[in-house]
Amino acid sequence: MNKFFRLSTGRRFRFNIGNILSIWFLALLACAIPATLAAGEPRSVITLMPTAAPQSEVETAEIAGGQFGEKNILLRFQASSLPAQAKVTAARLSLVSSGHTTAQQTVNVAEYPSDAALTPKPATGTPFGSKTLKAAKEERVYWDAREDFLGTLQGQVGERKFSLLLTTPSSARSTWFSAGTTNLSHRPRLILEYTLAGQPALTQSDGLPAVQSARPFLPTARIGGKDSVAFSYVTRPFANAWSYTPVFHNGLVYLMTDKEGKKALQARSPLGAKPVWPIEVGGKPVWPISVDGNPGQHLLVSQSGRLYIVGNGRIISYQLDSGNPAQAPAAARVREVTGLNPENPPSLGPGGSLYLVNGQEVYGFNPDLQELWKVTLADPKTSRVTIGPGGRFVYLTAKKEGLVAINAQTGESFRTPLLNQAALAKADFPSLHAPVVILHPDGSEKVYVAANSVNEGVLACFNNRSGAIAAAENWPPLTGLWSQPIPDQLSPGSVQQPASGKQIYAVRVADQRGTLTGIDWLTGSTRAMAPTFAVGDSAYLLNGGNLASDQAGTRFVWNGAGEVDLFAFGSAFSGRLHSPAGGIPEQAQLLFGGDGTLYANTVEGDRVLRAIVPHYTLSADSDANIYSPTHLWVDGAAGQSTVLKAAGNVLLGKGFTVRRGATLEIATGTSTP
């Protein structure tokens with residue numbers, strides 16, 4: 001292993017009518033996390049960098065006593081991005097040595113009054129921790145906080161400003177990189193670990209966002225007295241979408257629009273409807289969230305509702321009001337970053353930290369957009385960054401290095417080549433998929449990596465044990481051309497009994513056909529799923545397509561070449577889902593909204609977001625009882641007794657009729673059939 005340290009309501013209506021109906025019912029549903037992933041209290045990590053302090057501009061600073069004079073280091077911090085309800089469980093101060101310690105030295109750290117004069121003086125404050133150093137150079141040193149300091153920090157509210165003063169009673173001198181050093185990874189930092197009651201603990205990272213749904217998607221139907229699995233789908237487009245992808249939070253869809261060159265951030269209902277924020281003034285829409293200048297096109301949103309717009313030399317952030325989604329956020333915070341224009345979408349950690357690849361550099365930012373580190377790669381061609389479930393490591397697949405793992409707090413990086421690394425390095429356009437990560441019950445992270453060159457590929461598994469990256473034991477070489485992998489939603493089990501049967505899924509391409517394949521997460525044993533489907537001589541699934549999975553364990557595939565259409569693979573139905581109207585361009589990606597709505601987002605071309613709605617055409621000669629876990633669209637005619645239920649909207653087509661004397665019942669906001 002090579003190791004590098006780099007720079008850097010339900011409502012019911014009963015009808016007995018014989019005329020045409022056209023009805024729209026809307027139910028906004030809160031975003032949820034699959035219950036299978038909700039085990040225990042989540043532990044998140046946030047890394048704070050010093051703000052202005054006396055040594056903030058210098059390269060190094062000293063801690064000295066006795067014959068060397070009294071020299072201290074003062075570090076000022078602000079923890080405003082720490083959630084108000086967070087319970088701080090641990091804190092570690094980290095410094096990197098820039099020279100030898102002249103003799104054995106004890107370095108004490110204590111809280112220093114945040115409003116005190118800039119010139120640090122020894123003071124008796126809340127003790128943080130103590131460390132005895134050897135008469136040698138120690139690269140990175142950690143001071144662990146005592147319980148009383150954690151209590152002091154816990155008691156603060158608002159901006160949570162505080163300072164730490166490093167002093168020594170020893171007649172020795174040590175030198176440390178300061179907050180102004182050129183190497184970002186060498187700068188001091190404070191690492192806080194915290195929990196949030198009521199939020200589920202993450203046990204896996206899916207590689208791509210919004211590909212797992214907390215609801216089932218496929219409808220159930222009984223038509224003419226028989227169970228029916230035959231249905232199609234229709235789409236509802238969101239016009240004027242300008243951002244590359246939407247984001248979903250608190251039951252709403254957020255996207256950037258471009259109307260006559262005017263950029264705006266919009267919040268929409270799950271099926272489009274009217275924007276939530278724009279208001280009518282004098283008959284004209286007023287956009288309270290117009291984005292000045294020329295913003296980027298990458299959107300992200302954290303669990304706490306912090307929304308980022310990234311690109312074109314800046315990072316713009318808003319704080320959404322989770323308690324009142326219809327309330328437009330306050331003024332944006334903007335950070336200018338010279339040359340920032342990432343090709344791959346950035347990624348967000350569980351606590352709102354931001355990670356991205358820009359050119360040949362991988363950057364890490366904390367939620368306050370303080371730059372934590374910068375890691376330089378050998379080539380700019382990489383996958384998207386994946387953040388491990390605990391937020392302690394980030395991963396990406398790089399053309400010339402294979403799997404790259406980076407300590408999210410310090411920037412320390414590790415490279416591990418793949419089985420087909422030589423072919424990847426030579427390929428002009430390798431297919432590098434975002435890693436998938438599962439937290440093993442023993443605390444290690446299992447990292448699954450798929451990468452293809454022109455004619456060969458591999459799906460590999462690695463174990464990360466606190467930065468020791470190694471190929472997984474007993475994992476066979478899964479060669480072939482693979483799509484972006486996705487894990488199922490099952491729990492990984494316990495230390496005593498890791499889950500057997502948990503799967504990783506990916507489409508394997510051979511002889512111009514695709515086969516959805518289930519892979520055991522521990523053994524690597526594979527199981528092909530039927531039916532196979534034609535993917536053409538240039539399979540889109542290898543270069544941009546993806547899989548999505550609902551709570552019932554049904555996998556969805558948008559096949560953008562060969563048999564172009566939506567495919568579903570599950571216990572209730574496996575096969576091709578047709579659309580009477582079509583309308584989805586060939587190159588699209590699948591996403592799930594917080595309410596379970598499935599979307600197809602166009603990657604190239606018209607760049608339109610389309611909601612996918614299950615569709616039925618009824619006959620007046622048949623009774624029907626249909627339920628959709630999301631939304632439902634019905635055409636045709638209602639027979640003697642027709643019941644239409646949906647957790648979201650029930651949409652009746654323009655020509656939908658009800659036969660005279662028939663009964664039609666519609667129930668929206670229904671969570672069960």
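The model is predicted, so local features need pLDDT of at least 70 and side-chain atom pairs count only at pLDDT 80 or more, while totals for chains, interfaces and linings use all residues. Residues are numbered from 1 along each chain as its sequence is written, and side-chain values use heavy atoms, without hydrogens and water.

Asn366 sits in the loop between strand S28 (361–365) and strand S29 (371–376); strands are DSSP E runs of at least two residues and helices H or I runs of at least four, numbered from the N terminus. Because its relative accessibility is 0%, Asn366 counts as buried (under 20% relative accessible area, 1.4 Å probe, protein chains only). Its side chain also reaches the backbone oxygen of Thr47 at 2.9 Å. Beyond four places in sequence, Asn366 touches Thr47, Leu48, Met49, Ser353 and Leu372, contact meaning heavy atoms within 4.5 Å.

An open sheet of four strands runs in the order S3-S12-S6-S9 with antiparallel pairing, where pairing requires at least two DSSP bridges. Strands S3 (43–48) and S9 (140–144) are the edges, each pairing on one side only. Strand S6 (residues 87–96) pairs with S9 over five bridges, antiparallel, and Ser94 stands opposite Tyr142 in S9.

Methods
Buried means under 20% relative accessible area, exposed over 50%, partly exposed in between (1.4 Å probe, protein chains only). A polar contact is a pair of N or O atoms within 3.5 Å; within protein, one must be able to donate a hydrogen and the other to accept it, and residues adjacent in sequence count only if both atoms are side-chain atoms.
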